[in-house]
Amino acid sequence: MQRLRELSRRVEAVYGEIATTFSVYQQQRGLSCRTGCGECCLQPTIEATVLEMLPLALYLFDQGKAEQTLTQLETLTDPQGCFFYQKLSFDGKQGQCSVYQQRPSICRLFGAAGYRDKNGKTALSTCKIIKLDQAHAYQESLIALESDPPPLMIMAKEQVNELDYELGKQHLPINQALQQAIEKVLFKAWFSGGSDEQQSA
């Protein structure tokens with residue numbers, strides 16, 4: 001259990017670096033998400049690794065909510081988007097994350113980030129809403145790609161996942177990744193006899 005906690009702290013440290021790098025670029029370029037927008041959180045194709053979900057799994061364990069959450073995840077019949085996304089509008093496009101501080105790296109990279117195109121050049125990945133809301137800023141960012149390139153999404157994810165090859169090697173649907181992370185935490189807690197997990201938090 002102690003090893004998982006140490007690994008989680010290392011993941012969170014990288015999350016802090018990621019947040020700074022990507023938020024600085026997005027703020028400087030004026031490519032920020034619309035307040036309360038949750039369209040990306042609704043996408044069933046969003047993936048994460050078990051390693052990325054480890055801080056959230058440990059948080060739920062410390063809150064006494066791990067087993068309940070695991071049961072709910074196991075009984076999802078038609079999962080759409082992230083389990084922890086709270087819909088605040090009828091169509092679900094307005095909402096909020098209920099575990100914002102523990103969200104995985106993929107959620108920290110959304111908005112505006114770089115990727116390599118088929119020619120190996122840096123391109124800008126931006127959601128359609130930002131393109132509409134901040135059309136001028138988006139066009140300016142495209143023009144400035146060479147002089148002010150966006151941080152690469154793949155580099156940030158690799159920075160997290162290289163911390164542990166086994167837990168970071170496979171990308172799964174986000175709810176499935178969380179389920180496996182909780183299972184691992186509960187197994188380790190049971191295996192250690194439940195004696196040190198709260199003390200070492």
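Student: Which helix does Asn161 lie in?
Tutor: Asn161 belongs to helix H7, which covers residues 153-161; helices (H or I, at least four residues) and strands (E, at least two) are DSSP runs, numbered from the N terminus. This is a predicted model, in which local features need pLDDT of at least 70 and side-chain atom pairs count only at pLDDT 80 or more, while totals for chains, interfaces and linings use all residues. Residues are numbered from 1 along each chain as its sequence is written, and side-chain values use heavy atoms, with hydrogens and water left out.

Student: Is Asn161 buried or exposed?
Tutor: Asn161 counts as buried because its relative accessibility is 9%, where buried means under 20% relative accessible area, exposed over 50%, and partly exposed in between (1.4 Å probe, protein chains only).

Student: And what is Asn161 in contact with?
Tutor: Leaving aside neighbours within four places in sequence, Asn161 is in contact with Thr49, Leu51, Glu52, Gly168 and His171, contact being heavy atoms within 4.5 Å.

Student: Switching to H9, how many residues does it have?
Tutor: Helix H9 has 18 residues, 174-191, and it reaches 26 Å from its first C-alpha to its last, close to the 26 Å expected at 1.5 Å a residue; the expected span is 1.5 Å times one less than the number of residues.

Student: Which residues of H9 are buried?
Tutor: The buried residues in H9 are Ile174, Asn175, Ala177, Leu178, Ala181, Ile182, Val185, Leu186 and Ala189. They lie on the same side of H9 because they cover an arc of only 165° around the axis, the arc being that of the directions from the helix axis to the C-beta atoms. On the other side of H9, Trp190 and Phe191 are exposed.

Student: What do those buried residues of H9 pack against?
Tutor: Their partners include helix H1 (2-29), helix H2 (50-62) and helix H3 (66-74).

Student: At what angle do the axes of H2 and H9 cross?
Tutor: The axes of H2 and H9 cross at roughly 55° and come within 8 Å; axes are lines fitted to C-alpha atoms, for helices over the stretch in contact, and angles run from 0 to 180 degrees between N-to-C directions. H2 and H9 are therefore oblique to each other, given that angles under 35 degrees count as roughly parallel, over 145 as roughly antiparallel, 65 to 115 as roughly perpendicular and the rest as oblique.

Student: Lastly, which residues of H3 are buried?
Tutor: In H3, Ala66, Thr69, Leu70 and Leu73 are buried. Seen down the axis of H3, these buried residues fall within an arc of 100°, so they line one face of the helix, and what covers them includes H2 and H9.
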